Amino acid sequence: MERENALGVTDSDRDPHFENEGWRHAGKAVSGGYFWYYAAVGVFFPFSALYYRDLGFSGIEVGLLTALPSIGAAFVGPVLGAVADARSIHRPVLRVAIALAALTALVASRVTAFSAIFALIALVSIASAPIAPLLDSYAMTVSERLRRSYGSLRVWGSLGYMAFTLALGQVMGDDVSSIVLVAYAATLGLVLVATIGLPAMREHHPRALVGGLGEIRRNRPLLLLLAVAFLLSSSSMLINVYLGIHIEDLGGSTALIGAAFAISAASELPVIAFGGRLIARFGPVRLIAISLVVYTIRFALLSLITAPVWILPAQLLHGMSFAIYLIASVTLAYRLTGPAQAATAQALLTAMSFGFGAITGSLVGGALLDAVGTEGLFRGGAVMMLVTLGVLLVGNRIVGLDRAASVRTT
């Protein structure tokens with residue numbers, strides 16, 4: 001009798017590609033890829049707005065440049081993920097994306113005119129859009145094949161982000177220079193090196209791209225997950241963008257701002273590392289609900305704190321909010337689609353979370369900032385997290401999100 005494992009892969013799904021030496025070393029390749037990719041994120045994105053401003057760009061120009069990665073994730077990532085799944089070309093897409101993003105960032109470090117920077121950062125954003133979704137799809141496949149949790153692989157990304165954000169901040173001091181782009185290119189190069197050992201995904205017959213996207217469109221539980229991801233991320237982006245302003249308004253220093261983000265990254269580590277146990281104990285749908293409750297508490301605390309130093313313990317809730325959502329949503333997206341559409345599902349999840357959600361949160365927050373202040377934004381964030389929790393609970397009763405996910409675990 002044919003058996004089905006925890007992620008819905010039957011014995012007949014297994015083929016020699018997953019039994020060779022390459023797959024036995026794939027876990028290290030994914031962990032290394034995560035470490036260096038999020039190190040690249042850490043050396044550039046926290047400092048990018050400051051770098052653009054120091055180049056003399058206006059506020060609108062800075063806003064346009066900082067929005068480009070989210071636009072790339074929203075529009076380009078899902079298309080390239082679908083192409084990789086449809087044609088089974090995950091490795092070539094990943095390698096070309098990393099190499100093109102690294103080389104373009106290196107060129108961008110040598111120019112200062114806005115038009116040139118805009119064109120080059122747009123290309124970097126397009127090239128880098130599929131990197132995180134493809135790493136996630138590989139991680140879920142590796143975790144299934146090697147019986148390792150997704151979190152045990154993804155935790156290396158949090159370590160890389162935390163270590164290199166702090167290190168580069170110390171190296172640069174008060175002056176943000178083009179070293180951020182050079183470091184970004186260098187660490188992306190190390191992603192390419194680290195992921196050389198990744199084997200090819202399971203081979204399947206090529207299918208039409210439109211057909212694969214049509215299957216996604218008919219997957220109602222996945223559509224609910226994507227809607228929740230959009231709403232959650234639209235609100236959580238308020239912390240990413242406006243927490244620094246909030247700390248400064250309360251009288252805090254730039255050192256306190258850096259410490260606040262470092263603490264939040266550190267709080268991810270135990271949650272992600274033991275994510276597999278949390279998934280097994282509570283299930284991904286319940287974990288997303290828990291993350292929404294913790295996000296509500298976190299937003300409420302941030303809106304009430306008047307002494308900036310108390311922001312630091314509040315940031316410890318990042319692990320129980322964002323990190324829990326991350327491991328639960330990535331796992332749930334994989335379970336709802338299976339390995340044949342893993343890259344497509346992860347790219348759509350990234351598009352909702354770090355693309356459309358990030359864009360909406362940034363724009364709405366910016367439009368309301370002068371009128372309600374950061375305290376008002378955070379109070380609004382708490383309300384929106386409760387609304388999102390309601391959408392999840394009601395939607396789950398309608399489309400059976402937890403039942404659809406459990407089908408592949410029985």
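Which residues in H8 meet Ile179, Val180 and Thr187 in H9?

## Packing of H8 and H9

In this predicted model, the H8 side of the contact consists of Phe164, Leu168, Val171 and Met172. Sorted by class, the residues where H8 touches H9 are six nonpolar and one polar, with no charged residues.

Two packed helices are described by the angle between their axes and the distance between the axes. For H8 (residues 150-172) and H9 (residues 179-194), the angle is about 145° and the axes lie 11 Å apart. The crossing of H8 and H9 is right-handed.

## Nonpolar core

The largest nonpolar core contains 114 residues. Tyr37, Tyr52, Ile121, Val180 and Leu188 have the most contacts inside this core. Val180 is also one of the H9 residues that meet H8. Helix H2 (residues 26-54) supplies the largest share of the core, 13 residues.

Tyr52 is in contact with Phe44, Phe57, Val62, Leu65, Thr66, Ile117 and Ile121, when neighbours within four places in sequence are left aside. Among these partners of Tyr52 is Ile121, itself listed with the residues that have the most contacts inside the core.

## Confidence

The chain has a mean pLDDT of 82, and 87% of its residues reach 70 or more. Among the elements of the chain, the highest mean pLDDT, 95, belongs to helix H14 (residues 284-304), and the lowest, 58, to helix H10 (residues 209-217).

Over residues 1-18 the pLDDT is below 50. This stretch has 42 contacts in the model beyond near neighbours in sequence. Where pLDDT is low, the predicted coordinates should not be read in detail.

Technical notes
Residues numbered from 1 in each chain as written. Predicted model: local features only at pLDDT ≥ 70, side-chain atom pairs only at ≥ 80, totals over all residues. Heavy atoms only, no water. Axes fitted to C-alpha atoms, helices over the stretch in contact; angles between N-to-C directions. Helix = DSSP H or I, 4+ residues; strand = E, 2+ residues; numbered from the N terminus. Left-handed = near helix turned anticlockwise from the far one by under 90°. Contact = heavy atoms within 4.5 Å. Nonpolar A, V, L, I, M, F, W, Y, C, P; charged D, E, K, R; others polar. pLDDT = per-residue confidence, 0-100. Core = buried A, V, L, I, M, F, W, Y, C linked by side-chain atoms within 4.5 Å. Buried < 20%, exposed > 50% of the residue type's maximum accessible area, 1.4 Å probe, protein only.
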